[in-house]
Number of protein chains: 2
Amino acid sequence: MQLPTTDTDFDTLDAWWRAANYLSVGQIYLMDNPLLREPLRPEHIKPRLLGHWGTTPGLNFVYAHLNRAITTRDLDMMYVMGPGHGGPGPVAAAWLEGTYSEVYPDISRDEDGMRRLFRQFSFPGGIPSHVAPETPGSIHEGGELGYSLSHAYGAAFDNPDLIVAAVVGDGEAETGPLAASWHSTKFVDPRRDGAVLPILHLNGFKIANPTVLARIGEDELISLLRGYGHEPIVVAGDHPADMHRRFAAALDAALDRISEIQQTARSSGNATRPAWPMIVLRSPKGWTGPVEVDDAPVEGTWRAHQVPIGDPRRNDEHRRLLEEWLRSYRPKELFDDDGVPVAALRDLAPRGTRRMSANPHANGGAVLRDLILPDFRDYAVDVPEPATATGEATRILGTFLRDVMRRNATNFRMFAPDENNSNRLDAVLDATDRTWNARIEPGDDRVAPDGRVMEILSEHTCQGWLEGYLLTGRHGLFSSYEAFAHLVDSMVNQHAKWLLTTNRIRWRRPIPSLNYLLTSHVWRQDHNGFSHQDPGFIDHVVNKKPEVVRVYLPPDANTLLSVADHCLRTRQYINVIVAGKQPAVQFLDIDDAMTHCRKGIGIWQWASTDRDVEPDVVLACAGDIPTMETLAAVDILHRRFPDLRIRVVNVVDLMRLQDDRAHPHGLPGAHFDALFTTDKPVVFAYHGYPWLIHRLVYRRTNHENFHVHGYIEEGTTTTPFDMCVLNRIDRYHLALDVLDRVERIRPIAGHAREELENILAEHTRYVRTHGEDMPVITDWHWQGVGID
Amino acid sequence: MQLPTTDTDFDTLDAWWRAANYLSVGQIYLMDNPLLREPLRPEHIKPRLLGHWGTTPGLNFVYAHLNRAITTRDLDMMYVMGPGHGGPGPVAAAWLEGTYSEVYPDISRDEDGMRRLFRQFSFPGGIPSHVAPETPGSIHEGGELGYSLSHAYGAAFDNPDLIVAAVVGDGEAETGPLAASWHSTKFVDPRRDGAVLPILHLNGFKIANPTVLARIGEDELISLLRGYGHEPIVVAGDHPADMHRRFAAALDAALDRISEIQQTARSSGNATRPAWPMIVLRSPKGWTGPVEVDDAPVEGTWRAHQVPIGDPRRNDEHRRLLEEWLRSYRPKELFDDDGVPVAALRDLAPRGTRRMSANPHANGGAVLRDLILPDFRDYAVDVPEPATATGEATRILGTFLRDVMRRNATNFRMFAPDENNSNRLDAVLDATDRTWNARIEPGDDRVAPDGRVMEILSEHTCQGWLEGYLLTGRHGLFSSYEAFAHLVDSMVNQHAKWLLTTNRIRWRRPIPSLNYLLTSHVWRQDHNGFSHQDPGFIDHVVNKKPEVVRVYLPPDANTLLSVADHCLRTRQYINVIVAGKQPAVQFLDIDDAMTHCRKGIGIWQWASTDRDVEPDVVLACAGDIPTMETLAAVDILHRRFPDLRIRVVNVVDLMRLQDDRAHPHGLPGAHFDALFTTDKPVVFAYHGYPWLIHRLVYRRTNHENFHVHGYIEEGTTTTPFDMCVLNRIDRYHLALDVLDRVERIRPIAGHAREELENILAEHTRYVRTHGEDMPVITDWHWQGVGID
């Protein structure tokens, strides 16, 4: 490794670093007197000190060096900061680079702006203490740890000219999601994808504990990183001048190697996986901060994690220490009399969109290209009459997605934890392979380095990749077993919060929605039983702000096509689509499906028996299996009680159940009442946990009369129909419930109830003995001709 | 590495393996004719074939070898199977060892029992297809992947004589939780803890894709495992006789090394972390199964994952292949005429509790020792009068936990993702250190190999360790930032399902509850803001079966003590306790706290103004901050409207809100109505998402009159009181809501409303300018003397 040429101006680099550090400390502490024109007084100090200093100087150090490399090499570079608690750092850098004042004109690049910059940090009405959506150049909120690498890779895919520098903190490195994401090296095509440069930052401590990777032998550490597929370069120390020279050399070596890898692959066409370079930066926590406070060591210890000097507003000695610390950066050399960074610092930053704080990829909506979508109607199942054809909904969706994949070769990817084919989306593999850049052996099924179906058995990595891909303006779909979507609950929280926040930031442009296809759902876990049954991801998502969440339960293939087409066109949402993969009855032809999906909820006249009169009872359903069971229940009831007036309401867009004041998709009260009546019993068969329906209709006139059937954590190893029976959502339980409700209004012949109860009892005996479902599906005859 | 001595009877070992494989295939396919006394006929085959063959022969192979080692060395050994999809394997082994028939007498160890064994597998009314609670010897459900190693370590902690063999599948190895858990090596004390022997099983494929670790170079793989802190021994091949000899040698070498490590550490007292041995087993997926079916290769490919021969019931050639496969194990040599395993096989198994299927640690309730608990009343805060003292609830709890730790030196551990001190439980560090067996440096704060506060920045690893610890009969507490409990949502699902299932298995003995202390909660994320605000873990947990979940919201320190004491005594629950860590007003002295917690819900007479009359309005509260704001609202109202009759109801045990038919803690209707009236407005301040309260009281008489305030995803970087204001749960919004409700019944002076609205407006201005809360806490004067 060669040290950089002597013409590198390390003094200016160091000055830039000192400026970023000064601005970081200022943000944590100061309300006023930003240039220290006068000695610090109590009223200059914020009343509450909230921020994280410990990791910040390291982030700033790396920022300064990346800037040098960008300028020297004219790089297109993004910076993902795993230790995003160090929020003041990138804010300081963006202000130094001028970007901050461009996107927030009130925070000008002068003394007044500096005062506002300081005051707003972690201050009511200001900005968060972490790297956040408000931070220009960031796609990565630093609150929850573990996703820096997967975000970085997501950004690099299909961006061949982009280099994503990703600092991984040694705290973050202990998390599962981060540990798994190192293996992203096996999913990069050096010909077509950009590069990720991981910088493992060992500052030795978390909040209170040492970190694992900082406390194993260097031999073990190097061994581990090689095992991940990297060739690490270690830079360790604490002397600034020395560290500048060595880090610059390491960065040059890493970037040379990346360039060489990419050129070789691109000129030869050979994508063989290389050992990608990475850097290990070992530097003190709270580097350049106070060495000791109140006789306790601070720099280089866990005490530097948050606010190293605790009470400078009330404690004179603390205030003196703080001033000494701030002055140690020699602000007079860094800012002119107006508080503007001196020319040498301004010149060090790259220009325009080469500034990492202004890189367009980090504002994905700005580089977004619309998907080119085929006409989904071309993939429709033929349904000459309702409930006559059968089909596998996700398999049919797969043919549509195959052509989406074909038409958007650098703008769309699919993600799944080894479940793409199990979820019956295998048609997409006719358009592209699965991404795979480890060893390929004869007999492997359609794996290749340039495939765009991304499968690793890590929901966290899939989610992180997809988020990175979306946040840089591209499109995607995550298909998962329904139950295991919970693995990414917490990631969904963070993404929802990101979307909500960016809705309120003018310069952030809308990005494509995060689309989930949840299949292999609770009702069809024949292979896997109890452990794979959980429809609660919907509940989790619905707790987020209504403006960012959408939930769809298309009952069949054509409605699924229509819903998927819609979701792929949307921006800034989390769309959850739940759909089955098993052969199932098809209800609607494509025109009716479109009409139904456009409404999101509607009366199925063809399935109802209440023509032109007020119904006796409403049977409502949401989800494929509940819809089938509901229609079968109608059939059972209609045969026995031909004069019973039943209305069938099907719900595709779950949010339609809410009030229009509670959700943008909500239905006005009058419209809701027109569907569900104001006083008739409503027997509702719902895909998930039943209480969600109660919650959604809580404010509706008729909610007292809603009787919801759903999953109640019953059933394990049994047949699909028996699963419904055990959870009381099958046709017989639904029909019996209808009889119960109607009986309160008018007499019901006793023998009909007894007959249904007998069938249920016989069912259990049969299933336990034969291991298969009784033949319970009857032919339906609907007089209807269309949907309402 | 030395090959085992020639007196090892590899023929018998192989016969045992063949028997286990035969029994595994039989479980997947056969309903009848278990001994193949006649040629297979269609009716012998199950109508639906559900199971996973691919991983099973490898699991059986390891089982046979572990048995040999147990017998030779008289080991106390458990077996955790990460690839738990291979459910037939351990069931077969348990039956061969006799345990299965002991715990399930109807599944006798003879032909009739074998028939039942086969039929019940993945059959309605039978057992799941994965390793499951029903499987003797297992503490690990094989449904969701990623937790085998952390479970294994959890079992090994404080069990010095136990060796836990843990097979990690190469699919599972791609998950985040598993990837993180390798670093458990830094948390083992070889003097005091048992050993984990990881066996990384590379069979090369997941459902449809190759696996990462099977497709990187062996140099990278070895490097990776050394980086994790292991010295790997590789055994690769497919020839049984050869593999037997080599695996036996590898196992001997690993066990010798473990023994040597432990002896050295225990005799010298030096706990220095060694490179623990592990084994890499590279063998074909579906080993010994059909090589080819329908002209496609099966053994050694992803096609072997589930049911390799698809349709032997209808397809004659498939049936012939299946019979050939079964007979390849030579069942006549393995079972006598009655279907009993031949003596040589019976003798190979260890005896009694040395059998892994009968190891008492794997039925944790059987070895459980009650915690020795100090009297929690001794740790109480002095509260001479309600709302006069202040205290930090979790800090006080910490003093109680310190003494729990002292009195239960091998029976209790605490777990936290580097948050123990941040959560103010630091008193426990006076009783023990943090567990740490990596390098220790001067200045480190109370870390030691034999510490029992387990901190790694991986919620998944903490949870997995704790689960393993509980499942082997010990006790523990997991403290976490509230928002990040969502990281383990999916693990909680699996544990809840495990508990629910074991409640129905007679031989499984109750294990200690899984206790969560969620603190650093949504209302006090001053340092971290929006990304750290999410109270939805409660909602997630409440979706599980009522019989296994409990949720507590103690409003202050003394109630927290009482609740924690209770939770530590319980079995088979998931207890979620939410409590604050910040200095807060204390409401109840210890006697009142006990009374209140015993009831779980109650009228606070001392805070109410409706003495002996029907109230005009009920103010209800659950959670520390909501309780404080509610009492302040009462104060505000009482000063202005002294004749307004207000009743205060505080809820500690959230499940009390439900009906007694819906939850074991549920309150009968009449009792509920007595608290909340049947017709008066109820203004409810709740800690979390407000709709949960609506859901819980949905069936109550007065539910229409419940007006719930809670977290609505508002607020980020601001002051604690402003957080309340933004989410409309502060005293002024509560008081205004009361005025709204009461106004419908009787007139309210307009100026009072205006005054409160003005205070709120002034508040916002003040906070945005000063960065701190307005002084809004007033002195309360309660005439009351006790609680109801």
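Mentor: Start with burial: a residue is buried if 20 or more other C-beta atoms, placed from the backbone, lie within 10 Å of its own, exposed if 12 or fewer, and partly exposed in between. The model is predicted, so local features need pLDDT of at least 70 and side-chain atom pairs count only at pLDDT 80 or more, while totals for chains, interfaces and linings use all residues. Residues are numbered from 1 along each chain as its sequence is written, with chains lettered from A and ligands numbered from 1 in the order in which they are written.

Trainee: What makes α17(A) mostly covered?

Mentor: Eleven of the 13 residues of α17(A) are buried. Among them are A557(A), L560(A), V563(A), D565(A) and L568(A). Helices are DSSP runs of H or I with at least four residues, strands are runs of E with at least two, and both are numbered from the N terminus. α1(A) is also mostly covered, with 16 of its 20 residues buried.

Trainee: Why does G623(B) count as buried?

Mentor: G623(B) has 31 C-beta neighbours inside 10 Å and therefore counts as buried. The residue lies in the loop between β19 (617–622) and α19 (624–640) of chain B. Contact requires C-beta atoms, placed from the backbone, within 7 Å. By that rule, and not counting residues up to four places away in sequence, G623(B) touches L553(B), P555(B), V578(B), Y686(B) and H687(B). R699(B) is 76 residues from G623(B) along the chain, and their C-alpha atoms are separated by 23 Å.

Trainee: Why is I574(B) called buried?

Mentor: I574(B) has 20 other C-beta atoms within 10 Å, and the cut-off reads 20 or more, so the label holds. I574(B) is in strand β16 (574–578) of chain B. A496(B) is 78 residues away in sequence but 7.1 Å away in space, C-alpha to C-alpha. Contacts of I574(B) beyond four places in sequence include V492(B), A496(B), L514(B) and V549(B).

Trainee: Which residues touch the most other members of the largest nonpolar core?

Mentor: L619(A) and L619(B) do, in a core of 514 residues. A nonpolar core is a set of buried Ala, Val, Leu, Ile, Met, Phe, Trp, Tyr and Cys residues joined through C-beta atoms within 7 Å. Leaving aside neighbours within four places in sequence, L619(B) is in contact with residues including V634(B), I646(B), V683(B) and L734(B).

Trainee: How many residues of domain 2 of chain A are in contact with domain 3 of chain A?

Mentor: 29 residues of domain 2 of chain A meet 28 residues of domain 3 of chain A. On the domain 2 side of chain A, α16 (537–542), β15 (549–552) and α17 (557–569) each supply at least two residues. The bounds, from an automatic or database assignment, are 376–584 for domain 2 and 600–770 for domain 3 of chain A. Their centres, taken over C-alpha atoms, are 28 Å apart.

Trainee: How many residues does each chain bring to the contact between chain B and chain A?

Mentor: Each chain brings 101 residues. The predictor gives the complex an ipTM of 0.96 and a pTM of 0.97.

Trainee: Where does pLDDT stay under 50 in chain A?

Mentor: That is residues 782–788 of chain A; pLDDT is the predictor's confidence in each residue, from 0 to 100. Where pLDDT is low, the predicted coordinates should not be read in detail. Chain A averages a pLDDT of 94, with 97% of the residues at 70 or above.

Definitions and conventions. Contact = placed C-beta atoms within 7 Å.
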